[in-house]
Amino acid sequence: MTLRRTLAITAGIVLALTGLLLVIGWVRGPEARAAAFGAIVSFSMLTATTRLSVPYVLAALGGTSSERAGVVNIALEGVLVTGAFASAAVTHWTGSPWVGMAAAVPAGVLIAYVHALATVTFKADQIISGLAVNLLALGATKFGAKLVWGKPHSDNIAKLPTIWERDPDAGGLATFVHTLLAEPMVLLTILLVAAAWLLHTRTVLGLRLRAVGENAHAVDTLGLPVGGLRYTGVLMSGGFAALGGAWLAFDVTQFSSGMSAGKGYIAMAAVVFGKWHPLGATAACLLFGASEAFQLRLQAASVQVPSELVGTLPYLLTIVALVGLVGRARPPASLGVAYEKAGA
Amino acid sequence: MKRWLQDAGLQLAVSAASVAVALAAGAVFILALGKNPFTVYGILISGSVGDNYGLGQVIYKATTLAFVGVAVALSFRAGLFNIGAEGQLYLGGFMAAWVGLQFDPEKPYAGMWWVCCLAAFGGGAAAAAVPAILKATRGTHEVIVTIMMNFIVIGAVHYFASSRYDDVIMEPATTHTWELPEAAWLKSYKETFKGSTANSSFWVAIAIAIAATYLLWRTRTGYEMRASGLNPKAAEAGGVRMRWTMCLTLLVSGGIAGLGAINFVLGNKGYFEKEFSAGAGFLGIAVALLARSHPIAVIPAAFLFATLSEGAVAIGQSKEQVPGEIIDILQAIVILFLLVGARLLDRAIAAWQKSRQKAVRA
């Protein structure tokens with residue numbers, strides 16, 4: 001039910017936005033109108049949206065796992081940059097982008113482990129721990145880049161090969177299909193969305209994760225390991241989000257320090273906007289990706305858009321969702337609360 | 001021995017232990033790189049507080065951190081988490097510059113700096129107004145809203161601080177505004193500190209820290225803030241105006257963070273520049289944490305973090321080939337150990353009090 005509403009709201013906002021921007025185009029004259037129309041209604045818009053959404057979706061899937069288990073994860077930003085660094089460095093050492101991509105996962109799990117250790121074992125404040133992990137990851141990856149490449153960004157790394165070659169003269173539709181099916185990480189993301197949805201809604205583990213985020217005490221009463229489940233959620237979030245980081249690095253075939261550039265926070269916003277549901281979060285990420293793609297394409301068509309203001313849209317929408325003007329977003333009941341055994 | 005003195009001693013012990021552990025961890029890192037940790041830490045000290053210039057730079061960096069630290073500490077005391085200091089600092093800086101540019105530069109008004117300071121405070125408070133009002137009216141959790149506000153505020157400031165407003169606000173082909181008239185500038189200590197950027201806003205930071213302490217422990221409002229932080233239910237039952245208190249705390253906290261921008265805008269450059277805050281709004285949270293949310297303790301905590309930051313520059317420039325980012329890692333480790341240490345300390349104090357109660361009863 002909540003999911004259907006989320007999707008309906010998302011669709012509504014997309015339509016409203018499209019309408020609004022078309023009106024802007026109308027006022028600015030026929031050329032701007034044509035550019036705005038072309039920017040929205042085209043397959044290359046879909047391609048751009050897909051590509052821009054991948055890191056958001058992967059990080060938001062991570063955020064969902066962690067937050068459903070009751071642990072706020074603003075460390076997504078740090079996990080993204082860690083994944084980007086690990087995949088670039090390992091690709092640099094081994095020469096194989098596949099190994100590099102895979103290496104992002106253990107690196108992300110490792111940095112997420114720091115967050116889990118602080119928040120679950122030591123019951124530290126989850127927000128501050130997340131900030132510290134972000135600081136740690138940003139510092140450590142820049143430090144690492146200077147050791148590996150002697151500068152704060154990497155040399156060019158090998159590209160992740162596509163499943164089949166793209167025809168450079170292909171039209172919009174063919175390019176879109178190619179992006180969707182032949183880009184290994186896009187395909188992986190689609191599979192992971194499905195997997196996360198199955199995990200969270202159709203498996204015992206998923207339901208237990210949710211239970212531990214809603215009422216940790218009840219879970220403990222059932223004899224299930226509260227700490228173990230929370231660790232699972234947080235470590236999973238590290239794996240998911242780090243893959244998002246790997247995409248960032250492979251997309252530009254380079255690691256540069258701070259390349260996550262606030263994307264982890266956008267993903268966190270998507271988790272809230274998507275009401276802590278994997279599909280809702282994915283829809284929110286696609287919306288954020290689409291608005292970014294649209295803005296970039298308008299700029300490319302040299303239509304004047306206040307890009308600084310359009311860029312704040314994800315954050316504004318998230319506040320609106322939280323305040324509950326359009327279907328209030330309700331967090332898991334125990335989110336952010338460390339579990340204390342009664343009587344201990 | 002007095003209770004508060006014992007408490008203060010324990011708090012200090014935790015902070016000192018966290019810093020010591022972080023330095024030790026950093027030393028292991030440096031050893032792993034095949035360098036001598038004593039040499040590197042030597043550079044850290046000599047490159048920061050070692051000479052007058054470095055000392056001035058440390059004072060300058062500590063000033064911004066102190067403002068943000070006091071702001072965050074104040075919100076912590078009321079049980080709120082103002083993580084939006086970065087945006088508040090940013091808007092404070094922009095407002096100070098914008099208001100300053102409204103004055104006729106031909107006829108400078110001597111008290112202009114004072115007006116600009118108020119504008120900085122107002123800008124910070126305005127950035128905090130959205131979470132404050134949402135918290136008071138709808139109970140929306142302030143953490144997510146303040147995080148989102150950081151990005152919204154920075155986006156909005158960049159909208160106005162862009163080439164669209166060239167000639168009016170922004171100096172063309174730069175990322176900063178026009179320079180403010182000299183009447184708006186704060187006194188620079190360039191001569192004393194050999195060209196460093198230290199300036200008189202440091203004294204404002206100290207005054208704010210003292211004022212915040214007075215507010216928290218000597219006024220009714222401060223009592224209500226602490227009560228709602230220590231036990232919201234008891235405070236509400238005791239007649240504390242919860243909504244008003246939460247709203248006011250966030251506004252004042254935001255204002256203080258915004259005021260921190262005068263260090264750069266009025267004290268250093270004389271104009272607002274994009275990206276001037278450079279993460280100080282986040283590092284200030286660590287400062288408040290190290291100070292265990294006491295506004296006075298924020299000052300030495302800010303000095304410690306400023307020394308580390310300034311020392312990082314020296315390490316990065318030295319021949320040791322140790323990237324200065326080692327200090328970022330060190331700072332993160334300080335925070336993580338503070339979190340864990342604070343938690344263990346609270347537990348130890350509780351156990352100690354329990355055993356003492358038993359002893360009294362027996």
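The model is predicted. In it, 34 residues of chain A are in contact with 32 residues of chain B. The largest nonpolar core holds 229 residues.

**Interface, seen from chain A**
- Four helices of chain A each supply at least two residues of the side that touches chain B: helix 6 (126-149), helix 12 (263-273), helix 14 (307-310) and helix 15 (313-323).
- Helix 6 of chain A gives the most to this side, with 14 residues.
- By class, the side of chain A that touches chain B has 23 nonpolar, six polar and five charged residues.

**Nonpolar core**
- Five residues touch the most other members of the largest core: A270(A), V70(B), A96(B), V287(B) and V298(B).
- Leaving aside neighbours within four places in sequence, V70(B) is in contact with I208(B), A209(B), A212(B), I256(B), P295(B) and V298(B).
- In soluble globular proteins, nonpolar side chains tend to be buried together.

**Helix 5 of chain B**
- Helix 5 of chain B has a kink of about 40 degrees at A129(B), shortly before the proline P131(B).
- After helix 5 of chain B comes G139(B), with a positive phi near 70 degrees.

**A312(B)**
- A312(B) sits in helix 13 (residues 295-317) of chain B.
- A312(B) counts as buried because it has 23 C-beta neighbours inside 10 Å, and the cut-off for buried is 20 or more.
- Outside four places in sequence, A312(B) is in contact with G324(B) and I327(B).
- The C-alpha atoms of A312(B) and D104(B) are separated by 42 Å. Along the chain, these residues are 208 apart.

- Most residues other than glycine have a negative phi.
- T253(A) has a positive phi, near 45 degrees, and is not a glycine.
- A261(A), also not a glycine, has a positive phi of about 45 degrees.
- T253(A) is found in the loop between helix 11 (226-251) and helix 12 of chain A. A261(A) is placed in the loop between helix 11 and helix 12 of chain A.
- T253(A) is partly exposed, with 16 other C-beta atoms within 10 Å.
- A261(A) is partly exposed, with 13 other C-beta atoms within 10 Å.

Methods
Residues numbered from 1 in each chain as written. Chains lettered and ligands numbered in written order. Predicted model: local features only at pLDDT ≥ 70, side-chain atom pairs only at ≥ 80, totals over all residues. Contact = placed C-beta atoms within 7 Å. Nonpolar A, V, L, I, M, F, W, Y, C, P; charged D, E, K, R; others polar. Buried ≥ 20, exposed ≤ 12 C-beta atoms within 10 Å, placed from the backbone. Core = buried A, V, L, I, M, F, W, Y, C linked by C-beta atoms within 7 Å. Bend = angle between axes of the 7 residues up to and from the residue.
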